[in-house]
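Thanks for asking me to look this one over.

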Amino acid sequence: MALDAAEVKVLKPDVLAPAEIEAKAEVLAVGKAGMNALTMFVLAIAAGLFIGCGATLFTLVQGDTDLPFAVKRVMGGSCFSVGLMLVVVCGSELFTGNCLMVCGLGSKKIRLSGMLRNWVVVWIGNFVGSLFLAVVVCGSAMAAMNNGAVGDAMVATAVSKVTPDALTLFCKAIMCNFLVCLAVWMTFGARTLVDKIVACVMPITAFVACGFEHSVANMFFLFEGWLAKLMGYGAGVANVGSLDLGPIFYNLGIVTLGNIVGGSILVGLLYWIAFARGKKDD
């Protein structure tokens, strides 16, 4: 029996074309802007938990003191990608990915207030989920693994995020969400579970291996490291005294702004200009 045009389109194995991805980003933005606040918040907590799971695997790899530097970074980055896999496959609200909502804003399908409402609620929900998982992971005695090397790695990772100057952090954050939003953009075009998973791996591996800064991941890394420090780990880490609540929120503030620039402008706005600027709805 012959299939009609609609059925053929559904069965197409290839990914969406770039212009189709941009159109899908606008549709998704409308749904996110209009979502019930409680649903949005709960799904944001889930995303914080999911990114924290990827960060936990990264920390485990960093706790292996025998691995060469580049190997350790790339392995850790590939492990971290499980966090975004969970976000896009299981369904949740991630602040950094939601920077792509600017596509809907550009086409006037959502209001600025709706986008900002989503960003604020989702950022807070991501923070709650990340902080909760950091407490649970530290309570699990994972830091004691490999004779305490994992705990030292928790502290060292956090310290490395609070010591750079503001411009360095801002640029690292731009690069991070440029890559993260490219990964999310590719998952928008995916038609199968395997497509979505594969799309996550290399961009996420790249941003983590290169030491770029992700606000939601840092919500986990920074508080995990701070808690591990309170538990007595990382005493030999250089500049460990700089790891305190003030520097933690200093990092999160600057990195959040950089992530907005990297995702909203370098990906969302760029593709909106290319494929939707001046286009009228049918």
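1. Lys108 has a relative accessible area of 76%, so Lys108 is exposed. Please also keep in mind that this is a predicted model.

2. Staying with Lys108, you will find this residue in the loop between helix H6 (102-106) and H7. Its backbone deserves a look: phi is positive, about 60 degrees, although Lys108 is not a glycine. As background, most residues other than glycine have a negative phi.

3. Which residues touch the most other members of the largest nonpolar core? They are Phe80 and Phe207, in a core of 75 residues. Helix H11 (residues 215-230) supplies the largest share of this core, with 10 residues.

4. Take H3 and H4 as the opening pair. The axes of H3 and helix H4 (residues 69-80) come within 7 Å and cross at roughly 160 degrees. An angle over 145 degrees counts as roughly antiparallel, and therefore H3 and H4 are described that way. The crossing in which H3 passes H4 is right-handed. On the H3 side the contact uses Ile51, Gly54, Ala55, Leu57, Phe58, Val61 and Gln62, while H4 brings Lys72, Arg73, Met75, Gly76, Gly77, Cys79 and Phe80. By class, the residues of the contact of H3 with H4 are eight nonpolar, four polar and two charged.

5. H4 also packs against helix H10 (residues 193-209), with the axes 7 Å apart and an angle of about 130 degrees. That angle makes H4 oblique to H10. The crossing of H4 and H10 is right-handed. From H4, Arg73, Val74, Gly76, Gly77, Ser78 and Phe80 meet Ile204, Thr205, Phe207, Val208 and Ala209 of H10. The contact of H4 with H10 has six nonpolar, four polar and one charged residues.

6. The axes of helix H3 (residues 37-62) and H11 come within 9 Å and cross at roughly 55 degrees, which makes H3 oblique to H11. H3 passes H11 in a right-handed crossing. In this contact Gly48, Ile51, Gly52, Ala55, Thr56, Phe58 and Thr59 of H3 meet Val216, Ala217, Phe220, Phe221 and Glu224 of H11. The residues of the contact of H3 with H11 divide into seven nonpolar, four polar and one charged.

7. Is Ser130 buried or exposed? With a relative accessible area of 0%, Ser130 is buried. Beyond residues up to four places away in sequence, Ser130 touches Gly48, Leu49, Val216, Met219 and Phe220. Gly48, Val216 and Phe220 also take part in the contact of H3 with H11.

8. Back in the loop between H11 and helix H12 (245-275), have a look at Leu243. Not counting residues up to four places away in sequence, Leu243 touches Val155, Ala158, Val159, Val162, Leu222, Gly225, Trp226, Lys229 and Ile248.

9. At a relative accessible area of 24%, Tyr271 is partly exposed. Leaving aside neighbours within four places in sequence, Tyr271 is in contact with Glu22, Leu182, Trp185 and Ala276. If you want a distance check, Tyr271 and Arg117 are 154 residues apart in sequence and 23 Å apart from C-alpha to C-alpha.

Definitions and conventions. Residues are numbered from 1 along each chain as its sequence is written. This is a predicted model: local features need pLDDT of at least 70, side-chain atom pairs count only at pLDDT 80 or more; totals for chains, interfaces and linings use all residues. Side-chain values use heavy atoms; hydrogens and water are left out. A nonpolar core is a set of buried Ala, Val, Leu, Ile, Met, Phe, Trp, Tyr and Cys residues joined through side-chain atoms within 4.5 Å. Buried means under 20% relative accessible area, exposed over 50%, partly exposed in between (1.4 Å probe, protein chains only). Helices (H or I, at least four residues) and strands (E, at least two) are DSSP runs, numbered from the N terminus. Axes are lines fitted to C-alpha atoms, for helices over the stretch in contact, and angles run from 0 to 180 degrees between N-to-C directions. Angles under 35 degrees count as roughly parallel, over 145 as roughly antiparallel, 65 to 115 as roughly perpendicular and the rest as oblique. A crossing is left-handed if the near helix is turned anticlockwise from the far one by less than a right angle, and right-handed if clockwise. Contact means heavy atoms within 4.5 Å. Ala, Val, Leu, Ile, Met, Phe, Trp, Tyr, Cys and Pro count as nonpolar, Asp, Glu, Lys and Arg as charged, and the others, Gly among them, as polar.
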